[in-house]
Amino acid sequence: MSRVFNFSAGPAALPLEVLEEAKASLTDLGGSGMSVMEISHRSKAFDTIATEAEADLRELMGISDEYSVLFLQGGATQQFALLPMNLCAPGQSADYLVTGSWSKKAYKTAASVIEPNLVADGAASSYTDVPPMSEWQLNPDAAYFHMCQNETIGGVEFHELPDTGNVPIVCDMSSTILSRPIDVNRFAVIYAGAQKNIGPAGLTIIIARKDLIEKGGENLPPILRYQTQADADSMSNTPPTFAWYLSGLVFKWIKRQGGLQAMGELNKRKSNLLYSAIDGSDFYANPVALPYRSWMNIPFTLAKPELDGQFLAEAEKVGLMNLKGHRSVGGMRASIYNAVSEEAVQALVDFMAEFEKNNA
Ligand SMILES: *Cc1c(COP(=O)(O)O)cnc(C)c1O
């Protein structure tokens, strides 16, 4: 069997060890003669899987009892709508910081539910920089402040959290969750689609302060209310069982790697390696302002964009896959999530040097 180096932005690479483990028990989970996809989500076997996954995630991230952890469907995109529905009192607004495609979509979606307040918009820099805090228009009465910690498409990441006073932070962490230690207590809600840095598509994880979701969304249809799912241990309806199971295996894999501290050190090294290669060359460039450079998604352009196609074709020939940049940005993008090894990044850097030598 041969595996390539996969730089996909999402659904993205998963640890080989985890895939092998899932494969070994795919047709016969723990001697049951059934796969995890063929058993009830209310069975004892699945209950163990679900409970362990939540406990492992709580341990990895240091999530206290003040928070509910939900394992839902619908993707991060659905949360763009559910968040204002659940967290805003009638007539109440929320603050939105727009730093790229995803936070912009979150803002626009919220506008179909509430009248969101646009705190600042990085459009003037083509989303390669974040407007200085001194220019932000914060609303002290906002239900929450929404931000996207890591813009997966533009490669703009916050390495420090802004000070929003008493307004609680709601954060789209789809492409950066579990990449390093964070202080969960600084957030009201953290949410993430699983298919970037957690597990397969189909699962969305929501970590929400209990006091906020308890009182929110009382007039919503029950299935759209976070508290309904919190009361039902995320099983108000059938959860994405396979994705939940596989994500649980990923949590155990991260624990074996040394937890989020070790992940953070590794991810810092990996991103440094690639940024050094880009910055050390006149042929490659990354447009993002230094303090906001992402550890996870690194876009880069070639000095000769007419060679983009050739770059991608030659990269694929040596097993470096999915490096094409998002259609809205162009150029290249290397997504180097937890499951992408240092060896993969080294192979990319070596290839880039070789390509430059032959084509600059
Ligand atoms: C991928 C992504 C989304 C959208 O996720 P879906 O699961 O497709 O809804 C939202 N926000 C960020 C930061 C993402 O990377």
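View 1. A ligand oxygen atom lies 2.6 Å from an N or O atom in the side chain of Lys 196. In the side chain of Thr 152, an N or O atom is 2.4 Å from an oxygen atom of the ligand. For the side chain of Gln 195, the distance from an N or O atom to a ligand oxygen atom is 2.9 Å. A polar contact is a pair of N or O atoms within 3.5 Å; within protein, one must be able to donate a hydrogen and the other to accept it, and residues adjacent in sequence count only if both atoms are side-chain atoms. The protein covers 87% of the 390 Å² of accessible area that the ligand has on its own (Shrake-Rupley method, 1.4 Å probe; for residues, only the protein chains shown count as cover). This is a predicted model: local features need pLDDT of at least 70, side-chain atom pairs count only at pLDDT 80 or more, and totals for chains, interfaces and linings use all residues. Residues are numbered from 1 along each chain as its sequence is written, and side-chain values use heavy atoms, leaving out hydrogens and water.

**View 2. The shell around the ligand.** Residues surrounding the ligand include Phe 80, Trp 102, Cys 148, Asp 172 and Lys 196 (a heavy atom within 4 Å). Helix α3 (residues 75-87) gives the most to this shell, with four residues. The shell divides into four nonpolar, six polar and two charged residues. Ala, Val, Leu, Ile, Met, Phe, Trp, Tyr, Cys and Pro count as nonpolar, Asp, Glu, Lys and Arg as charged, and the others, Gly among them, as polar.

**View 3. The seven-stranded sheet.** The open sheet runs β2-β10-β9-β8-β5-β3-β4, with mixed pairing. Its edge strands, each pairing on one side only, are β2 (67-72) and β4 (117-121). Strands pair if DSSP finds at least two bridges between them. Helices (H or I, at least four residues) and strands (E, at least two) are DSSP runs, numbered from the N terminus.

**View 4. Strands β3 and β5 with helix α4.** β3 (residues 95-98) runs parallel to β5 (residues 145-148), joined by two bridges. Asp 95 stands opposite Phe 145 in β5. Helix α4 (residues 101-110) lies across β3, β4, β5 and β8 (169-172), at about 150° to β3. Axes are lines fitted to C-alpha atoms, for helices over the stretch in contact (heavy atoms within 4.5 Å), and angles run from 0 to 180 degrees between N-to-C directions.

**View 5. The three-stranded sheet.** Strands β11-β12-β14 form an open antiparallel sheet. Four bridges pair β12 (residues 297-302) with β14. Pro 299 stands opposite Arg 333 in β14.
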